[in-house]
Amino acid sequence: MTPDFSFERAALAQGYSRIAGVDEVGRGPLAGPVTAAAVVLDPAQIPDGLNDSKKLSKKARARLYDEILQVADVSIAHATVEEIDEHNILRASHIAMIRALDGLKTPADYALIDGNMIPHGLNLPSQTIVKGDSLSQSISAASIMAKICRDCVMLSLAQQHPGYGWETNMGYGSKKHMDALQKLGVTPHHRRSFKPVHNILYQE
């Protein structure tokens, strides 16, 4: 199953003209921000091979990232580790989604949201699509943009905080990351509300 433009076409048929696909990446990691992207595709210039970023090779993602930037209105936004700890990861991911929509060069008039929840505070006609990154080309484009941007953030943080393996695990709780948490301790970029980090901070 590959994503198509049917959800977008249905919204266009209802009279909407700028349909944004929205997706986030980075809910599960122990470190780093959660990142969201909003993408408004041009129906006449849809890049070939769009799919859920997790199903694409690194090379395919990089090619599509460049192509999407050339033909689409793209906005990328983050919610910080502090916001994740203050609110919770779900709320923080929704904050990032709303920020991404707000950052589009020309506002969207309809949003296709990956998942099953419309972000609280989103004042825009919208529709949720479970596994949307595998079904909607706009959402799959957003998943690619968010993934590559968040990976770049983690590569940069990995240079500032070597030893945790963020350049490969992107902040997820791999064995190398968990071992480094025990040996090197918690950085300012760790999510203190996440149990493995919390337990290290407050272990007896």
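These questions and answers go through a predicted model and ask what its descriptions rest on.

Me: Why is Arg91 called partly exposed?
Reply: Arg91 has a relative accessible area of 28%. Buried means under 20% and exposed means over 50%, so Arg91, at 28%, is partly exposed. Arg91 lies in helix H4. Its C-alpha atom is separated by 14 Å from that of Ile113, 22 residues apart along the chain.

Me: What makes the sheet open, and which strands stand at its edges?
Reply: The five strands come in the order E3-E2-E1-E4-E5. E3 and strand E5 (126–129) each have a single partner strand, so one side of each has no neighbour in the sheet. Those two strands are the edges. From one strand to the next the twist averages 20°.

Me: Why is the pairing in this sheet called mixed?
Reply: In general, strands of a sheet pair through backbone hydrogen bonds, either parallel or antiparallel. Here E1 and E4 run parallel, whereas E1 and E2 run antiparallel. E2 and E3 also pair in the antiparallel sense.

Me: What makes E1 mostly covered?
Reply: Seven of the seven residues of E1 are buried. Ile19, Gly21, Asp23 and Val25 point one way, Ala20, Val22 and Glu24 point the other way, and all are buried. E3 is also mostly covered, with five of its seven residues buried.

Me: What does Val22 have to do with the largest nonpolar core?
Reply: That core has 27 residues, and Val22 is among those with the most contacts inside it, along with Leu101, Leu104 and Ala108. Leaving aside neighbours within four places in sequence, the residues in contact with Val22 include Ala37, Met97, Leu101, Leu112 and Ile139. A second, separate core of 20 residues includes Tyr65, Ala141, Ile144 and Cys149.

Me: How do you know that helix H2 is close to its expected length?
Reply: H2 covers residues 58–71, which makes 14 residues. From its first C-alpha to its last it reaches 20 Å, and 20 Å is expected at 1.5 Å a residue. The span is therefore close to the expected one.

Me: Why are the buried residues of H2 said to line one face?
Reply: The buried residues are Ala60, Arg61, Leu64, Tyr65 and Ile68. Seen down the axis of H2, they fall within an arc of 140°, so they line one face of the helix. In an α-helix there are 3.6 residues a turn, so residues three or four places apart point the same way. The face of H2 turned away from the buried side carries the exposed residues Lys59 and Gln70.

Me: What covers the buried residues of H2?
Reply: The cover includes E2, E3 and helix H5 (137–160).

Definitions and conventions: Residues are numbered from 1 along each chain as its sequence is written. This is a predicted model: local features need pLDDT of at least 70, side-chain atom pairs count only at pLDDT 80 or more; totals for chains, interfaces and linings use all residues. Side-chain values use heavy atoms; hydrogens and water are left out. A nonpolar core is a set of buried Ala, Val, Leu, Ile, Met, Phe, Trp, Tyr and Cys residues joined through side-chain atoms within 4.5 Å. Buried means under 20% relative accessible area, exposed over 50%, partly exposed in between (1.4 Å probe, protein chains only). Contact means heavy atoms within 4.5 Å. Two strands pair if DSSP finds at least two bridges between them. Helices (H or I, at least four residues) and strands (E, at least two) are DSSP runs, numbered from the N terminus. Axes are lines fitted to C-alpha atoms, for helices over the stretch in contact, and angles run from 0 to 180 degrees between N-to-C directions. The arc is that of the directions from the helix axis to the C-beta atoms.
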